[in-house]
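Visitor: I would like to learn how to read a ligand site and a salt bridge. Please take the features one at a time.

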Amino acid sequence: MTHFNRILITGAAGRLGIELRKGLAHLATHVRISDRVELADVQPNEEAVVCELGDYEAVMVLTKDVDAIVHFGGAPLEVEFETILDSNIRGSYHIYEGARKNGAKRVIYASSVHAIGYHEMEAHIDADSPVRPDSLYGVSKNFVENLSRLYWDKFGIESLCLRIFSSFPEPADRRMLWSWLSFADCVQYVERALVAPRLGHTIGHGLSDNRLKVVDDSKAGHIGFHPKDSAEPFRDAMEAKTDAPDPNAASVKYIGGWFCELGHPDDEGK
Ligand SMILES: Cc1cn([C@H]2C[C@H](O)[C@@H](COP(=O)(O)OP(=O)(O)O[C@H]3O[C@H](C)C(=O)[C@H](O)[C@H]3O)O2)c(=O)[nH]c1=O
């Protein structure tokens, strides 16, 4: 069923952006797709726009005449601070300003487990637990989670900040036996948030229905996301081909995984 006249998807050439283009197309008459790189295979209902998120004027034009924004553009990993600042922090500020000035009512934002990566596995955090970023990248996600809270409290723009754990075609390492979010479940979470009667300001935790439950996502229950996939069918093959991990290693102890063992960008001469 078509819910919107026009939605905007940023990061539409990316791994998840490509899945969102396919999975959300039925929700809107027009889908504006945007990325910093050229977009391939543009469909008749899609309007492709190449845009730098750090360019204020370009983002004001990009966000015109859209009912909702699915904001997945940005650096998806730890990189040097200048890129985090321009793409993730300044770029997301521009998206929220564009939503405010142009009247978009709802934003679905790709936050990340790395906003909370230094929580221990056994902490069972929920949406109200304090943030514990594991990287500059994680700090940029904290910034946008707070920014979106301001735009809800002050301007009534609704947001889902979806803390994506590990969204891959299938689990690629042992950690993903609990942290996996299938592409289909990721798209379902975004779709539910777009069509929910009331979203408010919601922090969600994007995980498939894996056997190990490490966080409590009940504070996003009003969205109605019910994961359909599970990492469990991949367990035997994964355990057969990989060594049992050291439970005291930072990458096992903390939910941020290998980000918690990374060096700091400045120490690498960047
Ligand atoms: C740095 C930058 C990137 N992009 C584009 C380039 C890629 O096509 C796209 C990101 O896709 P990527 O495949 O690199 O990342 P994903 O694995 O899909 O990660 C997604 O989820 C995780 C949780 C995320 O933090 C990312 O923002 C979000 O896109 O954003 C831009 O359009 N502007 C920019 O300034």
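Visitor: Which helices each supply at least two residues of the shell around the ligand?

Guide: This is a predicted model. The helices are α1 (15-24) and α4 (136-155).

Visitor: Which residues come nearest to the ligand?

Guide: There are 18 residues around the ligand, and D35, F72, S87, Y137 and K141 come nearest. By class, the shell holds 8 nonpolar, 6 polar and 4 charged residues.

Visitor: Where does the ligand sit?

Guide: The ligand sits in the largest pocket.

Visitor: Which polar side-chain atom lies 2.8 Å from an oxygen atom of the ligand?

Guide: A polar contact is a pair of N or O atoms within 3.5 Å. Here, a polar side-chain atom of K141 lies 2.8 Å from a ligand oxygen. The backbone takes part too: a polar backbone atom of R36 is 3.1 Å from an oxygen of the ligand, and for G74 a backbone N or O atom lies 3.3 Å from a ligand oxygen. Taken alone, the ligand exposes 700 Å², of which the protein buries 87%.

Visitor: How many salt bridges are there?

Guide: Side chains of opposite charge can pair when their charged atoms come close. The count here comes to 18 salt bridges. In one of them, the side chains of R36 and E52 meet at 3.1 Å, N to O. This pair links distant parts of the chain, 16 residues apart. R36 is in the loop between β2 (28-35) and β3 (46-50), while E52 is in the loop between β3 and α2 (56-62).

Key
Residues are numbered from 1 along each chain as its sequence is written. This is a predicted model: local features need pLDDT of at least 70, side-chain atom pairs count only at pLDDT 80 or more; totals for chains, interfaces and linings use all residues. Side-chain values use heavy atoms; hydrogens and water are left out. A residue is near a molecule or strand if one of its heavy atoms lies within 4 Å of it. A polar contact is a pair of N or O atoms within 3.5 Å; within protein, one must be able to donate a hydrogen and the other to accept it, and residues adjacent in sequence count only if both atoms are side-chain atoms. Accessible areas come from the Shrake-Rupley method with a 1.4 Å probe; for residues, only the protein chains shown count as cover. On a 1 Å grid over the protein atoms alone, a cavity is a set of points where a 1.4 Å probe fits but cannot get out, and a pocket is an open set with protein on both sides within 12 Å along at least five of seven lines; lining residues have an atom within 4 Å of a point. A molecule sits in a cavity or pocket if more than half of its atoms lie within 2 Å of its grid points. Helices (H or I, at least four residues) and strands (E, at least two) are DSSP runs, numbered from the N terminus. Ala, Val, Leu, Ile, Met, Phe, Trp, Tyr, Cys and Pro count as nonpolar, Asp, Glu, Lys and Arg as charged, and the others, Gly among them, as polar. A salt bridge is a side-chain nitrogen of Lys or Arg within 4 Å of a carboxyl oxygen of Asp or Glu.
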